[in-house]
Amino acid sequence: MNKVTVSGKTVEEAILQGLEKLEAAKDDVNIHIIEEPQKGLFGLIGGKPAVVELVRKPDPVKEGLTFLRETIDKMGVAASVEKEEREEGLYFNITGKEIGVLIGKRGQTLDSLQYLVNLVANKQSESYLRIHLDAEGYRARRKEALEVLAHRLSKKSQRTKQEVRLEPMNAHERKIIHTALQHDTSVKTYSDGQEPNRRIIIAPK
């Protein structure tokens with residue numbers, strides 16, 4: 001139950017009844033006063049109670065988790081999802097036997113799922129919550145692979161004295177390349193092109 005309409009002698013009494021029915025705290029609901037209480041004749045006859053509507057505020061984490069679990073199930077993949085707080089923020093970590101299907105080529109499927117999860121989670125949220133998706137440590141492995149690639153191509157650029165163009169990457173992966181080479185005084189990096197074909201260029205200084 002996410003919404004309830006209740007009445008009481010006073011607005012506060014009606015609110016308390018509504019919170020009890022929803023089993024929620026006051027901070028977890030939006031309260032709409034439909035009718036203020038009215039006293040009857042001589043305070044006895046024809047009085048009207050207060051009527052309020054309580055609507056449970058959406059929980060972006062719960063919305064995101066539910067959507068992701070249902071989507072994975074519809075894809076026919078046996079996997080579980082748990083939320084995890086990391087230094088970078090909130091992660092939904094996926095574990096299971098057929099994780100490769102959910103990761104996709106260079107993480108494209110995982111990135112698409114992450115985009116959709118954030119859309120669903122923040123659809124009715126008052127403030128934006130960034131949710132990251134990971135699958136059995138894929139993000140860390142991909143970051144390490146990109147850093148190795150960045151340093152290898154930096155050496156190639158220095159050796160050939162020519163620019164090296166990387167394959168198109170999303171903004172997050174481009175940032176990893178930029179960061180990996182930001183202290184390399186022999187080369188410079190910049191992005192070129194339009195999404196989704198934007199890529200990193202490594203050029204000798």
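Between domain 2 and domain 3 of this predicted model, the count comes to 1 salt bridge (a side-chain nitrogen of Lys or Arg within 4 Å of a carboxyl oxygen of Asp or Glu). The pair in question is Arg-106 with Glu-167, with the closest N and O atoms 3.3 Å apart. Residues are numbered from 1 along each chain as its sequence is written, and side-chain values use heavy atoms, leaving out hydrogens and water. Local features need pLDDT of at least 70, side-chain atom pairs count only at pLDDT 80 or more, and totals for chains, interfaces and linings use all residues.

As for the overall layout, an automatic or database assignment sets the domain bounds, giving domain 1 (3–56), domain 2 (60–136) and domain 3 (140–204). The C-alpha centres of domains 2 and 3 sit 27 Å apart. Their contact (heavy atoms within 4.5 Å) draws on 4 residues from domain 2 and 5 residues from domain 3. About 360 Å² is buried between the two, 23% of it from carbon and sulfur atoms; buried area here is the accessible area (1.4 Å probe) lost on putting two parts together, summed over both. Arg-106, Asp-111 and Glu-136 supply 85% of what domain 2 buries against domain 3, more than any other three residues.

E2 and E3 (residues 50–56) share 6 bridges, and Ile-31 stands opposite Leu-54 in E3.

Methods
Two strands pair if DSSP finds at least two bridges between them. Helices (H or I, at least four residues) and strands (E, at least two) are DSSP runs, numbered from the N terminus.
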